[in-house]
Amino acid sequence: MHKGIRGFFRFVGSVALVFFLGACATGGSPHGGPSGTGVVMSIAESEVGSRTGSIVGAIGGAIVGSVVGGQIGSGFGRTVASTAGSIGASMIGSRMGSQMAADREWTITVRFSDGIDRDIRSKTPPEVRPGDKVSVDNGEIRRH
């Protein structure tokens with residue numbers, strides 16, 4: 001097989017692998033949420049990795065890893081090095097992209113009138129504080 005065609009198939013295979021691995025990631029459902037009344041027990045702020053940044057980093061890493069790996073060895077060894085470089089750099093790029101584009105998220109723990117604590121996540125800073133009496137409607141918190 002012609003070297004250029006082999007290189008093309010290696011590249012296409014690497015990109016397909018990146019998309020396959022990216023599809024394995026899970027995300028929370030943005031729809032609905034708990035409803036009722038209760039008291040805010042705690043608020044925690046955290047950073048959440050970006051899914052878009054992760055995908056872009058994985059693709060960039062796969063391309064760079066495939067090119068660099070393709071410079072090592074010859075024949076089957078080159079194919080193995082190219083594939084390994086693509087996978088390794090894809091994983092590193094995914095992690096870096098996710099961290100660089102991280103978002104903030106707040107987790108508000110509310111103890112509902114039934115005595116059960118439930119976590120509500122928000123992309124914006126909450127306007128409530130621990131101890132506030134609140135009503136929750138489909139995951140949206142409002143102070144009483």
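1. Arg-118 is partly exposed, at 27% relative accessibility; the term covers values between buried, under 20% relative accessible area, and exposed, over 50% (1.4 Å probe, protein chains only). The model is predicted, so local features need pLDDT of at least 70 and side-chain atom pairs count only at pLDDT 80 or more, while totals for chains, interfaces and linings use all residues. Residues are numbered from 1 along each chain as its sequence is written, and side-chain values use heavy atoms, with hydrogens and water left out.

2. Arg-118 belongs to strand 3, where Val-110 stands opposite Arg-118. Helices (H or I, at least four residues) and strands (E, at least two) are DSSP runs, numbered from the N terminus. Strand 2 pairs with strand 3 (residues 117-122) in the antiparallel sense, over six bridges; two strands count as paired if DSSP finds at least two bridges between them.

3. The two strands form a hairpin, with four residues between strand 2 and strand 3. Gly-115, in the turn, has a positive phi of about 90 degrees. Arg-118 also makes a side-chain salt bridge with Asp-114, at 3.1 Å from N to O. A salt bridge here is a side-chain nitrogen of Lys or Arg within 4 Å of a carboxyl oxygen of Asp or Glu. Asp-114 is partly exposed, with 46% relative accessibility.

4. Strand 2 (residues 103-112) is mostly covered, seven of its ten residues being buried. By contrast, Arg-104 is exposed, with a relative accessible area of 51%. In a regular strand, side chains alternate between the two faces of the sheet.

5. Glu-105 forms a salt bridge with Lys-123, whose closest N and O atoms are 3.6 Å apart. Lys-123 lies in the loop between strand 3 and strand 4 (133-137) and Glu-105 in strand 2, so the pair ties together parts that are 18 residues apart in sequence. Lys-123 counts as exposed, at 54% relative accessibility. Glu-105 and Lys-123 are also linked with Arg-121 in a network of salt bridges.

6. Arg-104 meets the side chain of Glu-45 in a salt bridge of 3.1 Å, N to O. This pair links distant parts of the chain, with Glu-45 in strand 1 (residues 36-48) and Arg-104 in strand 2, 59 residues apart. Glu-45 is partly exposed, with a relative accessible area of 46%.

7. A search of the whole structure finds seven salt bridges. Among them are the pair Glu-45 and Arg-104 and the pair Arg-118 and Asp-114.
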